[in-house]
Amino acid sequence: MATLNEIARRMVSDRRGVLAADESIATMSSRLEGVGVAPTDENRRTYRELIVTTPDLADSISGIILADDTLRQKLSDGSTFPAALANMGILAGIKVDTGAKPLAGADGEKVTEGLDGLRDRVAEYVGLGATFAKWRAVITIGDGRPSERSIRANVHGLARYAGLCQEGGLVPIVEPEVLMDGGHTLARCQQVTRVVLRALFDELALMQVRLDGMVLKPNMVVAGKDCPKQPGVEEVAQTTVDTLRDVVPPEVPGIAFLSGGQSPELATRHLGAMQNCGPLPWELTYSFGRALVAPALETWRGDASRWQAAQRALSVRAVANAAAR
């Protein structure tokens, strides 16, 4: 059986990245409706089958994060999603948090929930074929935000989740996302990202989480989407790498960035530019959702005759990101 370190390294090695296909039922239904597809269980299953059966996907994708319902569903040929992925040489992951909810006493801020019963759910997910997990925490920048309360609550949840996953045999993807919503500057995003990551690694140490058996999934350091001064690609890349050098221990095997609402092309360009920022102690890769699959969904639109065209659209984005590495 592969060790946590071996799985973590496989997730970030050989120019490959992780595809996030773990949208909740509500989110996935909304995206289907957005392209004119009825939000039924079968249409959600069919769309995700389109994604995971894309030819040669394993050349660019090391693992796919699934939602709970998808992990339990079957492809048209009767195989489960984890079994089908394993046959293709792709690791199956599972989203285990239950979403970000309003944090008591912290106006406009949220804390991610899902720790209750997590030990038992981890054991069940391992039995269903999962090898890694994901938990997303969200940090908001704004007037008086993020508060220390928000940062501490979220990194505590991430650390407890990571410890439970490792205890049960899953590699945790640890995702502290500083949101790009708002008009904040690049410098402000860097400041907040640095503070959040320092607090996170302090909490991970307290919970005795093995850093060599996890993957970090942070935001890139970017200006808020409403900021009038948007930095160039090279500036984002260098600022992001400088921030990570300050706070991420070298024991972490890899950093798999989220796209955070960036366009597919811009996220890829940022990732590519980071590879030129000097020797680094960890792999830099991608764990994109919309930035990988949005073109495929727009192409498919529920039309079976456009199945192969949609898969080609996904393949183009996956190959582009592997090339960027």
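Student: In this predicted model, is Tyr 47 buried or exposed?
Tutor: The relative accessible area of Tyr 47 is 3%. The cut-off for burial is under 20%. Tyr 47 therefore counts as buried.

Student: How many aromatic pairs are there, and is the pair of Tyr 47 and Trp 300 stacked or edge-to-face?
Tutor: The count comes to three aromatic pairs. Tyr 47 and Trp 300 form one, at 5.8 Å centre to centre with 25° between the planes. Planes under 30 degrees apart count as stacked, over 60 as edge-to-face. This pair is stacked.

Student: Which helices hold Tyr 47 and Trp 300, and how many residues apart are they?
Tutor: The pair links distant parts of the chain. Tyr 47 sits in helix H3 (residues 41-52), Trp 300 in helix H11 (residues 290-300). Their separation is 253 residues.

Student: Is Trp 300 buried or exposed?
Tutor: Its relative accessibility is 3%. Burial means under 20%, so Trp 300 counts as buried.

Student: Which strand holds Leu 91, and is Leu 91 buried or exposed?
Tutor: Leu 91 belongs to strand S3, residues 91-95. Its relative accessibility is 7%. With the limit at under 20%, Leu 91 is buried.

Student: Beyond four places in sequence, which residues does Leu 91 contact?
Tutor: Among them are Ile 7, Arg 10 and Met 11. Others include Ser 62, Gly 63, Ile 64 and Leu 85. The list also includes Thr 131 and Phe 132.

Student: How far apart in space are Leu 91 and Gly 36?
Tutor: In sequence they are 55 residues apart. From C-alpha to C-alpha, the distance in space is 31 Å.

Student: What are the phi values of Asp 14 and Arg 15?
Tutor: Most residues other than glycine have a negative phi. Asp 14 lies in the loop between helix H1 (4-12) and strand S1 (17-21), and Arg 15 is in the loop between H1 and S1. Neither is a glycine, yet phi is positive at both. The values are about 60° for Asp 14 and about 65° for Arg 15.

Student: Is Asp 14 buried or exposed?
Tutor: The relative accessible area of Asp 14 is 62%. Exposed means over 50%, so Asp 14 is exposed.

Student: Which residues are closest to the centre of the largest pocket?
Tutor: The space in this pocket is about 820 Å³. Its lining has 33 residues. Closest to the centre are Arg 31, Lys 134, Arg 136, Glu 177 and Arg 290.

Student: How many residues of the largest pocket's lining are charged?
Tutor: By class, seven are nonpolar and 10 polar. The charged residues number 16.

Student: Which element gives the most to that lining?
Tutor: Helix H2 (25-34), strand S4 (100-102), S6, strand S7 (171-178) and strand S10 (283-288) each supply at least two residues. The top contribution is three residues, and it comes from S6.

Student: What is the volume of the largest cavity?
Tutor: One cavity of 30 Å³ or more is counted. Its lining divides into six nonpolar, four polar and one charged. Lining residues include Glu 177, Met 180 and Leu 258. The volume is about 50 Å³.

Technical notes: Residues are numbered from 1 along each chain as its sequence is written. This is a predicted model: local features need pLDDT of at least 70, side-chain atom pairs count only at pLDDT 80 or more; totals for chains, interfaces and linings use all residues. Side-chain values use heavy atoms; hydrogens and water are left out. Helices (H or I, at least four residues) and strands (E, at least two) are DSSP runs, numbered from the N terminus. Buried means under 20% relative accessible area, exposed over 50%, partly exposed in between (1.4 Å probe, protein chains only). Contact means heavy atoms within 4.5 Å. Rings of Phe, Tyr and Trp (its six-membered ring) pair if their centres lie within 6.5 Å; planes under 30 degrees apart count as stacked, over 60 as edge-to-face and the rest as tilted. On a 1 Å grid over the protein atoms alone, a cavity is a set of points where a 1.4 Å probe fits but cannot get out, and a pocket is an open set with protein on both sides within 12 Å along at least five of seven lines; lining residues have an atom within 4 Å of a point. Grid points are joined across faces, edges and corners, and a volume is the space filled by probe spheres set on the points. Ala, Val, Leu, Ile, Met, Phe, Trp, Tyr, Cys and Pro count as nonpolar, Asp, Glu, Lys and Arg as charged, and the others, Gly among them, as polar.
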